[in-house]
Amino acid sequence: MAPVAQPGVAARPPRGDNRTMRSLTVPAPAKVNLFLHVTGRRADGYHELESLFVALDHGDTITLTCRDDARILRTTDLPGVAPADDLAVRAAVALQRETGSRLGVEIAVEKRIPQGAGLGGGSSDAASVLLALNRLWDLGLPRERLLVLGQALGADVPFFVFGEPAVARGVGERLAAVSLPPLWLAVVAPPVAVPTAAIFAAPELTRDTPSAKISVFSEGYGRNDLQPVAAARFPLVAAALRQLKATTPHARMTGSGGCVFAPFAREADAVAAFAARPQGMGGFVARALSRHPLAAFA
């Protein structure tokens, strides 16, 4: 099916014969925030942030199967999240409305990224759905258009659509690419789900960290302003941090928690740090990605 022209959306010729493609299985990588500064609070209640994002070679797997009846269905269960609230489903709905596509899709998500972990699982799923359906439905939307759709879905979605390590500013919509050296991370997952809204609402949260206004960052630069709040309220997060800080002073929490990570130049060091994690805690060792696996889809 050829792209449908809508106001403000230019129809493009099909890029290859995607009309015969019925299914795609794609990755949705996790992310960490190498630093996360809260630089202010806006009148609408949202916080101004400055953060260095990097995607990892570990994450969810999404299978999209095209339908001809315009229905958008989630075929796997996500405990505690209704289909209408699932960011992957909402991404498909938003893209369908934006383009006027008469196609539908079945969405199956194999989850490896825990919820409430600060690893961007829902946002990454949404971005991978946008990018993959752009190919599966043969829409040909430019990345800039997908970034706008992603921003309406959630603050972390634009980073995953952007496609490379980036410093995000504002509420996550202003992105600037950065180059990073090879990086391995030991990621430890305490058995807790940290509520993002509660962390941002905490009265003790630092909300006035000065903006860096630079584009080159030294190893271990900055901090996570949300970390003291989460560690004080969730002892297991504090315990995981203590253990990782014994292996490197650069260990810190990602996002609003509760996962914590330690970065290393060598895989062997990351493996050793992960092996020393507190008993009963999960996680993984992963490599930082210089490019999103679906970057060529837009």
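**View 1. The largest nonpolar core of the predicted model.** This core holds 43 residues, and Leu64, Leu95, Val105, Ile107, Leu130 and Leu133 touch the most other members. A nonpolar core is a set of buried Ala, Val, Leu, Ile, Met, Phe, Trp, Tyr and Cys residues joined through side-chain atoms within 4.5 Å; buried means under 20% relative accessible area (1.4 Å probe, protein chains only). At least two residues each come from β1 (23-41), β2 (47-67), α1 (87-99), β4 (104-110), α2 (121-136), α3 (143-153), α4 (157-162) and β5 (166-170). Helix α2 gives the largest share, eight residues. Helices (H or I, at least four residues) and strands (E, at least two) are DSSP runs, numbered from the N terminus.

**View 2. Surroundings of Leu133.** Apart from neighbours within four places in sequence, Leu133 is in contact (heavy atoms within 4.5 Å) with Leu64, Ala92, Leu95, Val105, Asp138 and Leu139. A second, separate core has 31 residues, including Ala186, Phe234, Ala240 and Ala262.

**View 3. The open four-stranded sheet.** The strand order is β8-β9-β7-β10, with antiparallel pairing; two strands pair if DSSP finds at least two bridges between them. Strands β8 (252-253) and β10 (282-287) are the edges, each pairing on one side only. Six bridges join β7 (residues 184-189) to β10, and Trp184 is opposite Arg287 in β10.

**Notes.** Residues are numbered from 1 along each chain as its sequence is written, and side-chain values use heavy atoms, without hydrogens and water. In this predicted model, local features need pLDDT of at least 70 and side-chain atom pairs count only at pLDDT 80 or more, whereas totals for chains, interfaces and linings use all residues.

How values were computed: Buried < 20%, exposed > 50% of the residue type's maximum accessible area, 1.4 Å probe, protein only.
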